[in-house]
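Have a go at each task before reading its solution.

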Amino acid sequence: MSDFALWPVLAGAAAFFVVGAIWYGVLFGKAWQKAAGLSDADAQSGNMGLIFGLTFLFEILIAMVLWHLIARTGAAPHVVMMMAIGFALGVMAPAIGINYLYQRKPGMLFAIDVGHFTIGMAAMGGVFLLFL
């Protein structure tokens, strides 16, 4: 990935992370917790520093792949957004859906999580446009 660029990748990952904080915080926190079957104690358990750190690392990986595809194709701005949102709806959503079907997770959880990935990827794509 010789076309790797640190700042767009970090900024794109940060945008995705901020969307997640808002999405699972003020917007859909309680609805997500209920749909996921988590009590307040469950939601507060675990090493939150590790969870947030790994979340950001995964988002960096996603940003690296998307940035690489954009850089390799020389995509026009509208195509950048199509790629970002298309990746969310065409790859991430079906992958989540398959897992949730076998785990017998509710449709509401799927809707909340896919919404997060779609808006998060749109935010990442939007940030990438600032670097093109």
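The exercises below cover confidence, helix packing and a pocket.

This is a predicted model, in which local features need pLDDT of at least 70, side-chain atom pairs count only at pLDDT 80 or more, and totals for chains, interfaces and linings use all residues. Residues are numbered from 1 along each chain as its sequence is written, and side-chain values use heavy atoms, with hydrogens and water left out.

**Exercise 1.** Find where confidence is lowest and where it is highest in the protein.

*Solution.* Begin with the average: pLDDT (the predictor's confidence in each residue, from 0 to 100) comes to 95 for the protein, and 98% of the residues score at least 70. Next, go helix by helix (helices are DSSP runs of H or I, at least four residues, numbered from the N terminus). Helix α3, residues 40–44, is lowest with a mean of 89, while α6 is highest at 98.

**Exercise 2.** Work out how α5 and α6 are oriented to each other.

*Solution.* Take the axes first (lines fitted to C-alpha atoms over the stretch in contact, with angles from 0 to 180 degrees between N-to-C directions). Helix α5 (residues 77–103) and helix α6 (residues 107–131) pack at about 155°, their axes 9 Å apart. Angles over 145 degrees count as roughly antiparallel, under 35 as roughly parallel, 65 to 115 as roughly perpendicular and the rest as oblique. The pair is therefore roughly antiparallel.

**Exercise 3.** Do likewise for α4 and α5.

*Solution.* Their angle is about 135°, with the axes 11 Å apart. So α4 and α5 are oblique to each other.

**Exercise 4.** Which helix gives the largest share of the lining of the largest pocket?

*Solution.* List the contributors: α1 (6–27), α2 (29–36), α3, α4 (48–73), α5 and α6 each supply at least two lining residues. The largest share, 8 residues, belongs to α4.
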